[in-house]
Structure formats: C-alpha cells, structure tokens
Amino acid sequence: MVSFSPEREDPGNDTVARCDIPKVVGGMSPSASEMAGALYRSIFHRVVPVSSPAAAEMTKLLENIYRCVNIALVNELKLLCLRMGIDIWEVIQAASTKPFGFHPFYPGPGLGGHCIPVDPFYLSWKAKEFDFHTRFIELAGEINTAMPYHVVSSVASALNRSRKSLNGARVMVLGVAYKRDIDDLRESPSLTIIEELQKQGAEVSYNDPYFAKVGQGRKYNLQMTRTPLDNLAQFDCVLIVTDHSDYDYQRIVKESQLVVDTRNATKGIQSEKIVHC
C-alpha cells in the first residue's frame with residue numbers, strides 16, 4: 001500500500017504549531033489513504049484526504065505556485081512603483097486593510113528555499129508531456145530570477161550617485177540566508193548577488209549571524225568567512241539582503257556611508273544614506 005503526503009513547512013514561523021498544520025494525504029487506494037490518515041491523525045489534528053498521490057502532489061505544487069506567482073506580481077509592481085516614485089510597502093499595507101479578496105505578499109531580492117524557486121518548474125517541465133505551456137509559472141520565474149540582478153544594478157546606480165564605481169567598491173552584504181532568522185542557504189538570492197557583484201569588480205564581504213562561513217553549494221562556490229560589523233564605515237555600500245531581527249538597523253545606517261535596502265528593513269529611519277530597491 002502506497003500513500004503520499006506533501007510537506008507543509010514555513011521555516012522560521014513559530015506562530016503555528018506543527019500539529020496544527022493540516023496534513024494532505026493521497027493513497028493509491030482507499031485503504032492506503034485510510035491507513036496513512038490513521039497514522040497522521042496520531043500526530044496532526046486534521047488530515048485532509050484526497051483521491052490519489054498525484055492529487056496530493058498537485059496540492060503541494062499549487063501552494064508553491066500560488067506564492068511564486070504572487071511574489072512575482074508584487075516584485076514587478078515594486079519595479080514600477082520605483083519608477084513612479086510610489087512606496088510599494090505603503091501600498092501593500094493599505095491594500096491589506098481590505099477584509100476580503102486580498103492577501104499581502106511582499107517584494108524582495110529574489111526567491112529562496114527548496115520549494116518555491118524549484119518545484120513549480122518541475123510541473124512546467126512535466127506539462128510539456130501533455131502539450132501544455134504553463135505561462136504563468138514561467139513568467140513568474142523570469143521576474144523572480146531577474147530580481148538579484150536588479151539589486152546589483154541598484155547598488156551600481158546608488159554608488160554612481162555618490163560618484164563611485166561598482167568596480168573596486170567595497171560592499172558589505174547583510175544576510176546570506178534566504179529568509180529572516182533562519183539558517184538555510186538553499187537557493188538564496190544573496191549568493192547570486194554576491195557572485196554578480198564580484199563579477200563586476202566589487203570587493204564583497206558578508207555578515208550573517210547564522211553562517212560563520214559560506215563554502216560551495218549546488219550553484220555557487222564562494223569560500224567566504226563572516227566579517228564582523230565593527231567598522232561599517234570602511235565599506236562604500238552596505239547592502240541589506242536578509243532582514244535578520246538581530247541587526248541594529250539604526251546603528252547600521254548611522255555608521256555606514258551608504259545603505260541599499262531590499263527588504264524595507266530601515267522603515268521609519270530617516271537618512272539620506274538609505275536607498276530602497
């Protein structure tokens with residue numbers, strides 16, 4: 001008897017107990033689903049049966065694609081708002097007051113983690129066997145994949161306004177984890193950003209409370225050691241990629257020459273040093 005139950009994880013989120021996350025279960029037969037459901041009910045408060053393992057896997061893919069597409073939408077709107085001189089974070093906050101028909105998603109420097117940047121594209125590949133083109137998935141992928149390069153371009157522009165070149169600039173990257181307050185590097189946009197900054201001639205350092213070293217992974221080979229934040233003035237630019245709650249953003253802005261913020265971490269801090277991207 002074979003059953004499948006996809007994971008439902010949100011690293012760093014401690015507001016929902018693991019046992020309170022409903023468990024989707026799909027078996028190859030009704031008896032397989034029933035047995036798997038009985039097992040999971042001993043751990044989880046709710047089991048959601050579906051008709052097959054394929055339906056269970058498609059449930060997981062829909063959840064991931066939902067986030068992927070909506071993050072791409074808000075990332076694209078952020079780029080437009082930057083050109084129009086509108087604060088996208090203010091817009092999202094205002095839209096979130098609507099009590100129906102809206103769920104907030106937030107822009108950032110790109111997607112990270114094992115699921116959202118990867119799993120939807122398995123479905124896109126599989127769809128071709130059925131002569132089907134998943135346009136939303138592929139367009140969302142293009143937008144989200146381009147975000148780290150937008151960040152690098154924004155750093156270059158911010159330095160240029162300070163009459164400095166990216167080539168030869170000393171850049172401190174804050175945060176290499178893909179998400180706030182977790183120790184996970186998988187598919188992190190920080191890694192792409194660091195590599196691209198290096199390719200363009202920048203001297204890059206990083207700081208992350210969760211990683212003393214960054215070595216080699218599936219798509220990167222950085223071999224870097226964490227730099228302490230005891231002399232931020234030595235850097236031409238401090239780039240906030242991951243907004244860990246351990247960071248003292250008031251101090252970071254005060255001690256830095258230039259701060260480029262991809263996460264709205266410096267919200268409420270008034271300084272001409274800050275550039276939002």
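A nonpolar core is a set of buried Ala, Val, Leu, Ile, Met, Phe, Trp, Tyr and Cys residues joined through side-chain atoms within 4.5 Å. Here, buried means under 20% relative accessible area, exposed means over 50%, and partly exposed is in between (1.4 Å probe, protein chains only).

The model is predicted, with local features needing pLDDT of at least 70 and side-chain atom pairs counting only at pLDDT 80 or more, while totals for chains, interfaces and linings use all residues. Residues are numbered from 1 along each chain as its sequence is written, and side-chain values use heavy atoms, leaving out hydrogens and water.

**Exercise 1.** Find which residues touch the most other members of the largest nonpolar core, and which elements supply this core.

Step one: pick out the residues. The core has 33 residues, and Val171, Val173, Leu197 and Leu239 touch the most other members.

Step two: look at where the members come from. At least two residues each are supplied by α5 (135–161), β4, α6, β5 (203–207), β7 (221–225) and β8. The largest share, 5 residues, is from α5. Helices (H or I, at least four residues) and strands (E, at least two) are DSSP runs, numbered from the N terminus.

Step three: zoom in on Val173. Not counting residues up to four places away in sequence, Val173 touches Ile194, Leu197, Val204, Ser205, Tyr206, Asn207, Leu239 and Val241. Contact means heavy atoms within 4.5 Å.

Step four: look elsewhere. As background, nonpolar side chains tend to be buried together in soluble globular proteins.

**Exercise 2.** Work out what Arg180 and Asp243 tie together.

Step one: check the pair. Their side chains meet in a salt bridge at 2.7 Å, N to O. A salt bridge is a side-chain nitrogen of Lys or Arg within 4 Å of a carboxyl oxygen of Asp or Glu.

Arg180 lies in the loop between β4 (170–174) and α6 (189–199), and Asp243 in the loop between β8 (237–240) and α7 (249–255), so the pair ties together parts that are 63 residues apart in sequence.

Step three: check the cover. Arg180 is partly exposed at 43%, whereas Asp243 is buried at 12%.

The whole structure holds 10 salt bridges.

**Exercise 3.** Decide how the buried residues of α4 are arranged around its axis.

Step one: list them. In α4 (residues 119–127), Asp119, Pro120, Leu123, Ser124 and Ala127 are buried.

Step two: look down the axis. The buried residues fall within an arc of 155 degrees, so they line one face of the helix. That arc is taken from the directions from the helix axis to the C-beta atoms.

Step three: check both sides. The face turned away from the buried side carries the exposed residues Tyr122 and Trp125, while the cover over the buried residues includes α2 (53–84) and α5.

**Exercise 4.** Describe the surroundings of Ser190.

Step one: locate Ser190 in helix α6. Step two: read its accessibility; Ser190 is buried, at 0%. Step three: name its contacts. Leaving aside neighbours within four places in sequence, Ser190 is in contact with Gly175, Val176, Ala177, Val241 and Thr242.
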